[in-house]
Amino acid sequence: MPDIRSPLRYLWWNARRQGRQLLAGIGFATLWWLVQSLVPAVLGKGIDAVTAKDTRALLTWSGVLLALGLVQAFSGIMRHRFAVYNWLAAAYRTVQLTTRQAARLGATLPKRLSTGEVVSVGNSDIAHIGSSMDILLRGTGAVVAIVTVTVILISTSLPLGLLVLVGVPVMAGAVAPLLKPLHKRQHRQRDLTGDLSTRAADIVAGLRVLRGIGGERVFAERYREESQRARHAGVSVARVESLLEGAQILLPGLLIALVTGVGASFALSGQISVGQLVAFYTYAVFLIGPMRTLTEAADKLTKGHVAARRVVRILSIEPEVTGGSGASAGGVLRDSYSGVTVQPGRLTALAASSPEDAAAIADRLGRYSDGDVTFGPAELATLPLDEVRERILVADNGARLFTGPLRDELDVRGGASAERVRQALHDACAEDIVEALPDGLDAEVAEAGREFSGGQQQRLRLARALIADPEVLILVEPTSAVDAHSEARIAQRLADARAGKTTLICTTSPLVLDRTDHVFYVEDGRVRAEGAHRDLLATAPAYAATVTRGED
């Protein structure tokens with residue numbers, strides 16, 4: 001991951017990564033603009049040849065004009081090809097970086113940034129960053145074209161050349177005061193859009209619950225209010241952008257009128273020829289293009305800077321937990337703070353009076369948060385994080401199903417046999433889900449698995465964890481959304497499937513607890529009792545009250 005701490009450094013880093021293509025694109029863009037800047041001069045020469053009735057000169061300048069047209073066509077095609085390449089390279093490099101960073105941060109990312117902020121990178125920021133690379137091609141060529149035109153005009157008529165030389169910077173300076181408020185308003189709009197995306201994601205994720213409690217209207221009203229704020233921010237940005245667009249037409253138009261008027265007076269007085277007058281007028285019209293490009297460059301670079309700031313914010317986040325370079329042969333997995341000890345080869349259960357305590361212990365045991373945890377003789381924090389993820393799997397109900405063939409969503413490592421997949425579906429009581437699908441395991445899963453009910457998603461997630469078959473499997477409430485009949489079958493099959501393998505199940509279900517080898521009862525984050533499920537029911541009243549929900 002590159003060490004990038006500012007938006008400008010990020011844009012510069014992007015430019016360096018595609019330096020050859022960027023330079024090639026700038027070369028073709030410069031040639032494209034340069035050829036166009038020579039056309040008015042050649043056209044003027046041709047008109048002078050007509051005025052002088054010089055057929056040979058007319059044919060010569062016509063040939064030159066044809067050659068310029070061919071070069072312009074070729075350079076324009078190549079400029080556009082490199083522009084598209086540089087746009088795509090910068091945009092999708094940003095996608096790759098942010099995706100890799102999201103995978104690296106893991107559980108840290110949702111704690112530090114909202115969903116909307118991350119989604120907005122892929123929705124709009126990549127387009128602005130790509131455009132900032134694209135505009136460098138035409139922007140550089142536009143500067144060369146303006147310089148070339150200025151040199152030609154000065155060599156032809158010093159007063160007209162100086163008029164253009166002074167007029168272009170004045171026009172550029174006239175739009176400069178608009179850039180700072182534009183930058184500020186774009187940044188505010190970007191923040192509001194990110195917040196709106198977060199609100200939309202929350203509403204979609206909880207739509208079923210909202211309908212159940214009748215909260216649709218309340219949340220719809222909140223979304224409407226935030227949407228209006230984002231709309232007003234967009235209109236505010238559009239006001240400044242409209243001024244920039246108007247300036248792109250008005251200011252060059254004034255320069256055209258001034259140059260044409262002065263040039264006409266020079267032509268009448270005989271200081272310049274008719275062909276030169278036409279060339280001066282054509283140059284004044286031509287300058288609209290480069291000037292619009294420079295204004296566009298200022299706008300796109302400003303937007304690119306705002307977008308890069310968001311990307312840099314994501315890239316600058318460091319994971320809350322890191323790994324070391326130690327090694328461990330495995331063994332007992334122990335959380336010193338709570339006292340929960342997971343013995344190798346046994347099916348252990350953790351019943352907590354508060355679900356938050358169970359989740360916190362599971363996070364520490366899986367190295368998703370810091371804690372004094374040992375894995376065999378080694379501190380878990382000293383092991384490489386990739387090795388921890390490979391050997392210890394924490395499967396909770398926050399896990400998602402992704403879009404794609406169901407088989408790929410279950411066998412995420414791609415190495416499981418058909419028999420292993422079938423057995424895992426059986427152990428998770430999920431065969432009926434697959435059988436109900438027209439294409440079975442080849443069926444396409446929709447975004448977040450929304451076509452499945454909560455209980456179906458839970459069983460599919462359990463099957464996915466069993467297919468992974470890690471050295472240590474930690475399940476957090478794996479049966480909370482299924483009916484009692486299915487829960488009883490899952491409890492028995494899970495005990496058989498993980499027999500002889502290290503497993504910890506965080507649950508308060510009596511059906512599951514009765515199938516485990518050993519149970520820890522946790523209250524206020526600490527182990528208060530441990531033993532067999534039925535023994536604890538008789539000897540630990542608090543445990544009995546927790547797992548039986550206060551029933552006799």
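Arg391 and Glu471 meet in a salt bridge, with their closest N and O atoms 2.8 Å apart. Arg391 sits in helix α12 (residues 385-391) and Glu471 in the loop between α16 (454-468) and β9, so the pair ties together parts that are 80 residues apart in sequence. This is a predicted model. The points below cover its salt bridges, an open sheet, a nonpolar surface patch and some backbone angles.

**Salt bridges**

- The count comes to 15 salt bridges.
- Take the pair from the opening: Arg391 counts as buried because its relative accessibility is 12%. Buried means under 20% relative accessible area.
- Asp469 forms a salt bridge with Arg498, and here the closest N and O atoms are 3.2 Å apart.
- This pair also links distant parts of the chain. Asp469 is in the loop between α16 and β9, while Arg498 is in the loop between α17 (484-497) and β10, 29 residues apart.
- Asp469 is partly exposed, at a relative accessible area of 32%. Arg498 is buried, at 3%.
- Arg138, Glu296 and Lys300 belong to one network, joined by salt bridges that share partners.
- Asp370 and Arg367 form a salt bridge through their side chains, at 2.9 Å from N to O.
- Which of these two is exposed, and which is buried? Asp370 counts as exposed, with 53% relative accessibility. Arg367 is buried, with a relative accessible area of 6%.

**The open sheet**

- How many strands form the open sheet, and in what order? There are 6 strands, in the order β6-β9-β10-β3-β11-β12, and the pairing is mixed.
- The edge strands are β6 (392-395) and β12 (526-531). Each of them pairs on one side only.
- On average, neighbouring strands of this sheet are turned by 20° against each other, direction ignored.
- Helix α11 (residues 355-365) packs on the sheet. The helix touches β3 (347-352), β6, β9, β10 (502-506) and β11 (518-523). The direction of α11 makes about 140° with that of β3.

**How the strands pair**

- Strands of a sheet pair through backbone hydrogen bonds, and they do this either parallel or antiparallel.
- β6 and β9 (residues 472-476) run parallel, joined by 4 bridges. Ala395 has Leu475 in β9 as its bridge partner.
- β3 and β11 also run parallel, with 5 bridges between them. Leu350 stands opposite Phe520 in β11.
- β11 and β12 run antiparallel, and 5 bridges join them. Val522 has Val527 in β12 as its bridge partner.
- Why is β11 described as largely enclosed by the rest of the structure? The reason is burial, because 5 of the 6 residues of β11 are buried.

**Backbone angles**

- Most residues other than glycine have a negative phi.
- Lys53 lies in the loop between α2 (19-51) and α3 (55-105).
- Cys429 is in the loop between α14 (418-427) and α15 (431-435).
- Is Lys53 buried or exposed? Lys53 is exposed, with a relative accessible area of 76%.
- Cys429 has 2% relative accessibility, so Cys429 counts as buried.

**A nonpolar surface patch**

- Which residues form a nonpolar patch on the surface? They are Leu158, Leu162, Leu165, Val166 and Val170.
- Together these residues have about 440 Å² of accessible area.
- Val170 lies in helix α6 (residues 158-205).
- Val170 counts as exposed because its relative accessibility is 53%. The cut-off for exposed is over 50%.

Conventions
Residues numbered from 1 in each chain as written. Predicted model: local features only at pLDDT ≥ 70, side-chain atom pairs only at ≥ 80, totals over all residues. Heavy atoms only, no water. Patch = residues over 30% accessible without salt bridge, like charges linked within 9 Å, V, L, I, M, F, W, Y side chains within 5 Å. Areas by Shrake-Rupley, 256 points an atom, 1.4 Å probe, with all protein chains shown as cover. Salt bridge = Lys/Arg side-chain N within 4 Å of Asp/Glu carboxyl O. Helix = DSSP H or I, 4+ residues; strand = E, 2+ residues; numbered from the N terminus. Buried < 20%, exposed > 50% of the residue type's maximum accessible area, 1.4 Å probe, protein only. Pairing = 2+ DSSP bridges. Axes fitted to C-alpha atoms, helices over the stretch in contact; angles between N-to-C directions. Contact = heavy atoms within 4.5 Å.
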